[in-house]
Amino acid sequence: MAFSNTLFSHNIHFTTNHHSNPNTNLSKLTTRRSLTTTVSAVAETLDTTTLAVIGGSSVAAIAAAISLSDPEKRRQLQAEEVGGGDKEVVREYFTNDGFQRWKKIYGDTDDVNKVQLDIRIGHAKTVESVMKMLLDEGSIRGVNVCDAGCGTGLLSVPLAKEGAVVNASDISASMVAEAQKQAKEALQGIDDVQLPKFEVSDLESLNGKYDTVVCLDVLIHYPQSKADGMIAHLASLAENRLILSFAPKTFYYDLLKRIGELFPGPSKATRAYLHAEADIERALNKVGWKIRKRGLTTTQFYFSRIVEAVRA
């Protein structure tokens, strides 16, 4: 599903009270509480599949906040609640609470906050970049494209408008139902356009052969050890092109992603994994593919690396 592998950048200013409070221990406690409250207030506006990135000047100060909570324990408890691991948590989240949140973000309602609107804009730019990559080679009319992790159909619809034969899937039945609804509304009455074929499926269960496979914003739910296998699987489905987007892994972003995980908000969270571009490229090379084009989408609260790979 096209849930965002967004990277949020937010300048958060932390205040301390060392000068006005002579009690050092009390001052430190006040500072920690202020830090926690401030980060939490910002995090409440963010879905927890996202990566909270705080201004560079505050990194050293807020790193200590990681010890105030145990996000890994929280993830384990969530997995136990739904009877499985990451995949079950993702399916549960995007079928229920997460679906409502992301349907709003991916939709056209004005009932979104600044962060959510920026995510919408960023994801739209990613879709636009992918369409440009595809169309740079010429018309895609009649080309069989697999939209792996289609979300609400934001890529499937423009693919179909260009005449592609689209097979789209998502792990969430709610997302698939919404994608079908959006596709019918957007494509109805357009001549020579075939409605995408949607199905409920996780990535591991996808099969068949396609000229092109596109997987946007899904690798964020796979640790690198599993991402390697998933990339190999997606590559085995593609005859000519494979397009992936992912949240890039750097020391800075990894630290701040962990900080963002401390405050999951009221909705069920999913685990978020960052990936170094070198690791993605290595996984592609291992199965006989090479990166031909690279793209980058950035807005204030969204950061996504895009690669197009072809057979080596």
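This is a predicted model: local features need pLDDT of at least 70, side-chain atom pairs count only at pLDDT 80 or more; totals for chains, interfaces and linings use all residues.

Guide: Of the 27 residues in its largest nonpolar core, Leu 234, Leu 244 and Leu 284 touch the most other members. Two or more residues each come from strand 3 (144-148), strand 6 (210-215), helix 9 (224-237), strand 7 (238-246), helix 11 (277-286), strand 8 (289-299) and strand 9 (302-311). Helix 9 gives the most, with six residues.

Visitor: What does Leu 284 touch?

Guide: Leaving aside residues up to four places away in sequence, Leu 284 touches Ile 231, Leu 242, Leu 244, Trp 289, Ile 291 and Ala 309.

Visitor: How do you know that the buried residues of helix 5 line one face?

Guide: Start with the list. In helix 5 (residues 97-106), Gly 98, Phe 99, Arg 101, Trp 102, Ile 105 and Tyr 106 are buried. Seen down the axis of helix 5, these buried residues fall within an arc of 165 degrees, so they line one face of the helix. An α-helix has 3.6 residues a turn, so residues three or four places apart point the same way.

Visitor: Which helices do those buried residues pack against?

Guide: They pack against helix 4 (86-95), helix 6 (114-135) and helix 8 (173-187).

Visitor: Why are helix 4 and helix 5 called oblique to each other?

Guide: Their axes come within 3 Å and cross at roughly 60 degrees. Roughly perpendicular needs 65 to 115 degrees, and roughly parallel needs under 35. Helix 4 and helix 5 are therefore oblique to each other. Tyr 93, Phe 94 and Thr 95 in helix 4 meet Asp 97, Gly 98, Phe 99, Arg 101 and Trp 102 in helix 5. By class, that contact has four nonpolar, two polar and two charged residues.

Visitor: What makes helix 5 roughly perpendicular to helix 6?

Guide: The axes of helix 5 and helix 6 come within 8 Å and cross at roughly 65 degrees. The range for roughly perpendicular is 65 to 115. That makes helix 5 roughly perpendicular to helix 6. Arg 101, Trp 102, Lys 104, Ile 105 and Tyr 106 of helix 5 make the contact with Gln 116, Ile 119, Arg 120 and His 123 of helix 6. By class, this contact has four nonpolar, two polar and three charged residues.

Visitor: Why does Ile 119 count as buried?

Guide: Buried means under 20% relative accessible area. Ile 119 has 2% relative accessibility, so Ile 119 counts as buried. Ile 119 and Tyr 302 are 183 residues apart in sequence and 5.7 Å apart in space, C-alpha to C-alpha.

Terms used. Residues are numbered from 1 along each chain as its sequence is written. Side-chain values use heavy atoms; hydrogens and water are left out. A nonpolar core is a set of buried Ala, Val, Leu, Ile, Met, Phe, Trp, Tyr and Cys residues joined through side-chain atoms within 4.5 Å. Buried means under 20% relative accessible area, exposed over 50%, partly exposed in between (1.4 Å probe, protein chains only). Helices (H or I, at least four residues) and strands (E, at least two) are DSSP runs, numbered from the N terminus. Contact means heavy atoms within 4.5 Å. The arc is that of the directions from the helix axis to the C-beta atoms. Axes are lines fitted to C-alpha atoms, for helices over the stretch in contact, and angles run from 0 to 180 degrees between N-to-C directions. Angles under 35 degrees count as roughly parallel, over 145 as roughly antiparallel, 65 to 115 as roughly perpendicular and the rest as oblique. Ala, Val, Leu, Ile, Met, Phe, Trp, Tyr, Cys and Pro count as nonpolar, Asp, Glu, Lys and Arg as charged, and the others, Gly among them, as polar.
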